[in-house]
Amino acid sequence: DRQTLVAVLQFLRRSNLRESEEILRREARLLGDDLGAAALSPAGAGVLGAPGGDADSAGGEALLSRVSAAGAIAIGGSAATVTSSSPGVAAVAAVPPGKGGTRAGAAGWVPGAGGSPPSGPVVSHCIFASSFRLPYKLLLYANAFAVGGGVVVEDQPDVSAVLSAYNQQGDPTLYEEYYSGLKHFIECSLDCHRAELSQLFYPLFVHMYLELVYNQHESEAKSFFERFHGDQECYYQDDLRVLSSLTKKEHMKGNETMLDFRTSKFVLRISRDSYQLLKRHLQEKQNNQIWNIVQEHLYIDIFDGMPRSKQQIDAMVGSLAGEAKREANKAKVFFGLLKEPEFDVPLDDEDEEGENEEGKPKKKKPKKDSVGSKSKKQDPNAPPQNRIPLPELKDSDKLDKVMNMKEAARRVRLGPECLPSICFYTFLNAYQGLTAVDITDDSSMIVGGFADSTVRVWSVTPKKLRSVKTAADLSLIDKESDDVLERIMDEKTASELKILYGHSGPVYGTSFSPDRNYLLSCSEDGTVRLWSLQTFTCLVGYKGHNYPVWDTQFSPYGYYFVSGGHDRVARLWATDHYQPLRIFAGHLADVTCTRFHPNSNYIATGSADRTIRLWDVLNGNCVRIFTGHKGPIHSLAFSPNGRFLATGATDGRVLLWDIGHGLMVGELKGHTDTVYALRFSRDGEILASGSMDNTVRLWDAVKAFEDLETDDFTTATGHINLPENSQDLLLGTYMTKSTPVVHLHFTRRNLLLAAGAYSSQ
């Protein structure tokens, strides 16, 4: 409109931006100071129009094609870059001072096909900042033209209505009308689009509510919340509870989760047809309020092909930030196992099996002279042997490997016809509150972490726990004798139980080192402690987390360990460094559980943001993001061959993931409460799950992973078809009287050990 144009021209003149002023005058056919003849023609008015505008709209094309300027124009301290992307087409980006250019760029693009910016003429969407109560001259800052992204010219919403909409935009009384209008439109659309477009309800609801609260329209916000919160999916209930407590602008400042929601983009995966339908509707209705939120706070990952069904969408959604972008799961992951080092050891006459580090065997082999020479061929999916530095094998490790292989030779082959025996360790009278359990790889020791801040280690074999003698006594020992390792132990200290004191808060995670010389524990006090199992004393306290540490785990090769906590990051440590080697940041809520991949090159983390991430130890990059759980993740287990990951959460579901393709491949339903423990048998034939519902369930892992549909189309679009076969895969359910299962462990011979504390309720 005329008033707007005059204001902008005056601002350009005051800022000495003569060249821009001339271009705008010519465009609006205002020559000299003659503003009288200036009223914009209807086509011209469309130039600064509502979201939409076609490539064919003469006005939109005209303005864009004639704005040609060389170099950057400075607008009152913010740099407006003019990038010409093809002859006669230019895009202008206004970057607010101090923003470093990221927001203007990032906020402005909805990806084209397949989520990557298209080549060819590129002009980004106009984004109008949510701060729409600014004076005119700030308009040019407020992301008026955003560049740096990828939308083809026909997606260009025209520029002039951003200005006109900015007068009446944000009327708090209309928010309910906007939302119910969109709701009505989606509910009346065709079935095939309805499921996809329904994904918009939740993020729009949250952002519109937060916008009302932020702009201090408290009564409108309350009424908006009460009217629409019941329509949201049931798995967002916890988030909505947090949201309902944010009723004032001041509340938002301290709430990290909601700050994240506002700054990180909610990802929706939608087919091109559904997206075009939505865009057309918002243009016809001139619904700028919703369009701005879609632009600013959502990342729409558009794919070509059939829209997804309600079941396919439900399987993948539910996390704090929507689904993962498809790009996030494209990186190559070396999920194969490392080749075993070879060493010569005389073996018994029985057939022996080669095994990998964790004691998981390959196929039966006739006996060999050297142990570990199971395969000269390198697994094609394995990382290079020296990709990350791993500790050298000590003599005691080699000895342990030999023992391991002898055990493996006597291992029971499990399957649907041959289920494992289960031995349950019940912690009775655990008034201290059992909070963590771990069992050594050779099943000789069990450790409990307790809420009274103690760590208790038990021997579960007849062999008692002994400490090393004092220095004075050690000096008397003959170091050359064969049984020197026995002699250094002090018989006077022998006992079945050792209690380790040192933490000043509940102990939430424990982990034995593979060589059984060390024990890790992490606590609410923010530290991870390393204990010696020779002296039963604390060697190091690792201080890196500022808040409670929920989980810690040793690498299958020892030396490295990982910890995750309330500060929303996971840290990789080495036992001889007091600072972390890597910090894995990206989760939007607490990191609740951590696991090393069997080849030690990757770490999986589960979080209260309802996602699982896979991190590369080498460079700290996040290489996979898995979404689909409807509650915080509490258990992770890699299959022995390294190809698959099983995850359990408070939603009672166990989900199965193909790491190489980055896809969900199975869903095991049966538990009625949080799944706290998951473990594959040594050969990977059976998956055991333990839950707060007091049961251990056994699942047929071979059947779950056979005949997987991982064709290119599924990988590209995420059209996963999960078989409804939980009942076929369930091999057995074993109830305890009243003991939630907090840990599971398969011995080297495939006996299943389970542990938990009896609860009298």
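Asn641 sits in the loop that links strand E27 (633–638) to strand E28 (644–649); strands are DSSP runs of E with at least two residues, helices are runs of H or I with at least four, and both are numbered from the N terminus. The model is predicted: local features need pLDDT of at least 70 and side-chain atom pairs count only at pLDDT 80 or more, whereas totals for chains, interfaces and linings use all residues. Residues are numbered from 1 along each chain as its sequence is written, and side-chain values use heavy atoms, with hydrogens and water left out.

Asn641 counts as partly exposed because its relative accessibility is 34%; buried means under 20% relative accessible area, exposed over 50%, and partly exposed in between (1.4 Å probe, protein chains only). The side chain of Asn641 makes a polar contact of 2.6 Å with the side chain of Ser639, and a polar atom of the Asn641 side chain lies 3.0 Å from the backbone nitrogen of Arg643. A polar contact is a pair of N or O atoms within 3.5 Å; within protein, one must be able to donate a hydrogen and the other to accept it, and residues adjacent in sequence count only if both atoms are side-chain atoms.

Apart from neighbours within four places in sequence, Asn641 is in contact (heavy atoms within 4.5 Å) with Phe335 and Leu337. Asn599 is 42 residues from Asn641 along the chain, with a C-alpha separation of 9.4 Å.

## A three-stranded open sheet

An open sheet of mixed pairing comprises three strands in the order E8-E36-E35. Its edge strands, E8 (422–427) and E35 (743–746), each pair on one side only; two strands pair if DSSP finds at least two bridges between them. Strand E8 and strand E36 (residues 752–757) run parallel and are joined by six bridges. Within this pairing, Tyr425 has Ala755 of E36 as its bridge partner.

Residues 542–573 are 0% helix and 59% strand, with end C-alpha atoms 9 Å apart. For residues 668–700, the content is 0% helix and 58% strand, and the end C-alpha atoms are 10 Å apart.

## Helix H1

The buried residues of H1 include Leu5, Val8, Leu9 and Leu12. Just after H1, Asn16 adopts a positive phi of about 60°.
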